[in-house]
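Student: Hi! Could you walk me through this structure?
Tutor: Happy to, let's have a look together.

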Amino acid sequence: MRITSTSCICPVLVCLCFVQRCYGAAHHGSVKVTRNQTKHIEGETEVHHRPKRGWVWNQFFVLEEHMGPDPQYVGKLHSNSDKGDGSVKYILTGEGAGTIFIIDDTTGDIHSTKSLDREQKTHYVLHAQAIDRRTNKPLEPESEFIIKVQDINDNAPKFTDGPYIVTVPEMSEMGTSVLQVTATDADDPTYGNSARVVYSILQGQPYFSVDPKTGAWDRWKKYSHFHIDTSLNAFHSHFADKHAEVLGVIRTALHNMDREAREHYSVVIQAKDMAGQVGGLSGSTTVNITLTDVNDNPPRFPQKHYQLYVPESAQVGSAVGKIKANDADTGSNADMKYTIINGDGSGVFSISTDKETREGILSLRKPLNYEKKKSYTLNIEGANTHLDFRFSHLGPFKDVTMLKVIVGDVDEPPLFTMPSYVMEVYENAKIGTPVGTVTAHDPDAANSLVRYFIDHNTEEDRYFTIDASTGTIKTAKIFDREETPWYNITVAASEIDNPGLVSHVPVGVRILDVNDNPPELARDYDVIVCENAKPGQVIQTITATDKDNSANGARFHFSLDEGLSLNPNFTLRNNEDNTASILTRRRRYSRSTQDIYYLPVLISDGGVPPLSSSSTLTIRVCACERDGRVRTCHAEAFLSSAGLSTGALIAILLCIVILLVFSLAIVVLFITLRRSKKEPLIISEEDVRENVVTYDDEGGGEEDTEAFDITALRNPSAAEELKYRRDVRPEVKPLSRHHPSSSLDSIDVQEFIKQRLAEADLDPSVPPYDSLQTYAYEGHRSEAGSISSLDSATTHSDQDYNYLGDWGPEFKKLAELYGEIEPERTT
């Protein structure tokens, strides 16, 4: 009885302890208590005496599978507060209360109304309370107690894993464990003999036996040295809510069971509860036992003498016969190896073992010749390869037999001196050139003459001829190695006396190379040079191919055509590794000037004699990015990339037409002025001037030079002296126009121009026509100096304009003009 910590036990509980000791010993039951409860220790009752009322009941077990017409009496609850006047009311709660278990609230009697199955539920936990019927106040605190379902033998043992299939080696010792079977009994192993199972053999004797008493009941015995209450609790905790699993060990019952005598056995095992007594339930299973093989049988040849006929025409390496030794074992235990241990034919024949059939395969190692030896004797041994030393006393595990080989005489076909022939001939050889000779002879004693011929089964066989008597092979056509480098033909030989006996031999003819193919470029190269290319830049690496083999065409030499003048645009460098590099020779290329260049390249090989060929590379000029990527190679694409619309193109064309018309007018005016001049433009040899020179044609020299006086455009302070007008020869001495340098330094531009105009008007040495003069003097006080680019043509600016390249595509052209970066394309 379990009572809460706030409850206490009245002295009446002494009676309860007495009843529980008596009844619990009979039913192997125990009462689980907490503090302030009666404890059962080693059969003694220790009672805590407190002046409190307590519960009294006298039964805690209910029999399973109860089939009676009336409810089964379980037990009685009673309180010492109950005077028998009906004032105490008993209340039952917990598992099954009100459905399975009912209580008389006046007397406290508990009954079971249903048939219970211990295998489904072993016990029920309930709570009991006594209250005053008039006041409904509890007379005792609520207490917990357990009703256990008492087991009956209603379940037979079962083999859950049967039928079984198991093996055991043959020739095992008696008592060898074969299998451990398991029978399960769902009854309570802690109560009676319902779950005590014993084993027996119904079928399979006298070959096998089973241990009759093993399993759960034997495990129960280890608790027997404890006190009955303690041992039952421990055993119950070990087997609680489990079916009893009982083990049976099957063993061999005979010595040296031979697989070769009997291999399969069917054993029926029975498991019976109630320790095998009459009335117990039983179950059975079948165990199929197979004896596995061990190597306990040596091999044996059926005969001690064998005879084998082998014709002398048998081919070397071919199988000429078989022999076998019998072994009663199976699997690897029957594996064996055959060897020739002695005999005069041990060097002529060899023997091997077939792993599948375990036969000895006799093969021919050397050709047979009836005329030289007519028979051989062999001693052959067959021995197991996997020995079991436990059965060595049954040996030896090998056997020997004698084999006599009879050589048969046959008329053999001609025999070639070699199994195959390889011959060589140069390409372009004349028809009828000898290639090689094959030889065959008659191996028989008659030594008949042999006739040779070529089997014309393929087209290649028609490219050669053979002398029928000598076997000499000759060419029947002119060969080209580059077309077919190898020919395979078959030559046959037959005896003149017996043309039906024919033998064949393969002949391979290798066509040797002659340097008859010049080298060529490996492919069509698309060579591109960028407009902003630099001198010495590699724009393409080329290589060549030669149809000849490496001995005649693998070493190539590249060069430019020596018959042409030096190419000012490109050059070629031979890399000495069968490649060549094309390099630029100048800076900048312009598509508008020339968009395609042609470069002839001469290639020669290293053959004897060397051959050469000439190929022309086409080089296109393209606009490229700074990293070398090609932008465009066409003028239309160039204009499009510049972003010019159709209207802009028309405007540009109109401007070009106007400039051409204006230039034509200037040329006409220049010719007219030239015809009217009377003296050369240069007055003296000392008159050295800086001039802007324009060349209109390729000849004429100084007579075609039109000069313009640059000193008129420069700072007056830089002029050494005032020069005469050169358009006409002066007839009178001109007035002196020399001014002191101090006046020139102090005069301003406006005053300077007025003086020059006055001098021009008053100069009598010039014709009376107007002359346009341009002065670019900025004044003496200008801190910036002259903005003219004429004085700075050969100087470099200190300003670094490289940052313009980082401003984006809008400033790309400006970066090319002022920066040090080469322009990406020619405009």
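Predicted model: local features only at pLDDT ≥ 70, side-chain atom pairs only at ≥ 80, totals over all residues.

Tutor: Below we go from the chain overall to disulfides, salt bridges, a strand and a surface patch.

Student: Great. How many helices and strands does the protein chain have?
Tutor: The protein chain has nine helices and 45 strands. These are DSSP runs numbered from the N terminus, helices being H or I with at least four residues and strands E with at least two.

Student: And what share of the residues is buried?
Tutor: Of the 827 residues in the protein chain, 36% are buried. Buried means under 20% relative accessible area, exposed means over 50%, and partly exposed is in between (1.4 Å probe, protein chains only).

Student: OK, cysteines next. How many disulfides are found in the whole structure?
Tutor: The search finds two disulfides, a disulfide being a pair of cysteine sulfur atoms within 2.5 Å. Numbering the bonded cysteines in sequence order, the pairing is 1-3, 2-4.

Student: Which residue does Cys 530 join?
Tutor: Cys 530 is joined to Cys 624, with an S to S distance of 2.0 Å. Cys 530 lies in strand S38 and Cys 624 in strand S44, so this pair ties together parts that are 94 residues apart in sequence. The link of Cys 530 and Cys 624 is left-handed, with -85 degrees about the S-S bond. Cys 530 is buried at a relative accessible area of 14%, and Cys 624 is buried at 0%.

Student: And how far apart are the sulfur atoms of Cys 622 and Cys 633?
Tutor: Their sulfur atoms are 1.7 Å apart. Cys 622 is in strand S44 and Cys 633 in the loop between strand S45 (630–632) and helix H5 (635–641), so the pair ties together parts that are eleven residues apart in sequence.

Student: Is the Cys 622 and Cys 633 disulfide left-handed or right-handed?
Tutor: The torsion about its S-S bond is about 105 degrees, so the disulfide of Cys 622 and Cys 633 is right-handed. Cys 622 is buried, with a relative accessible area of 0%.

Student: Switching to charges: how many salt bridges are there in the whole structure?
Tutor: The search finds 20 salt bridges. Each is a side-chain nitrogen of Lys or Arg within 4 Å of a carboxyl oxygen of Asp or Glu.

Student: What does Arg 591 pair with?
Tutor: Arg 591 forms a salt bridge with Glu 531, and the closest N and O atoms are 3.2 Å apart. At 11% relative accessibility Arg 591 counts as buried, and Glu 531 counts as buried at 1%.

Student: Which residues are linked in a network of salt bridges?
Tutor: Arg 259, Glu 260, Glu 263 and Asp 293 are.

Student: Why is strand S15 called largely enclosed?
Tutor: Seven of the nine residues of strand S15 (residues 177–185) are buried, so the rest of the structure largely encloses it. Strand S13 (residues 158–159) runs antiparallel to S15 and is joined to S15 by two bridges; strands pair if DSSP finds at least two bridges between them. Phe 159 stands opposite Ala 183 in S15.

Student: Last one: which residues form the nonpolar patch on the surface?
Tutor: Leu 649, Ile 652, Leu 653, Ile 656 and Leu 660 form it, with about 440 Å² of accessible area together. Patches are made of residues with over 30% relative accessible area and no salt bridge, with like charges joined within 9 Å and nonpolar side chains (Val, Leu, Ile, Met, Phe, Trp, Tyr) within 5 Å. Accessible areas come from the Shrake-Rupley method with a 1.4 Å probe, and for residues only the protein chains shown count as cover. Ile 652 lies in helix H6 (residues 646–676), and at 38% relative accessibility Ile 652 counts as partly exposed.

How values were computed
Residues numbered from 1 in each chain as written. Heavy atoms only, no water.
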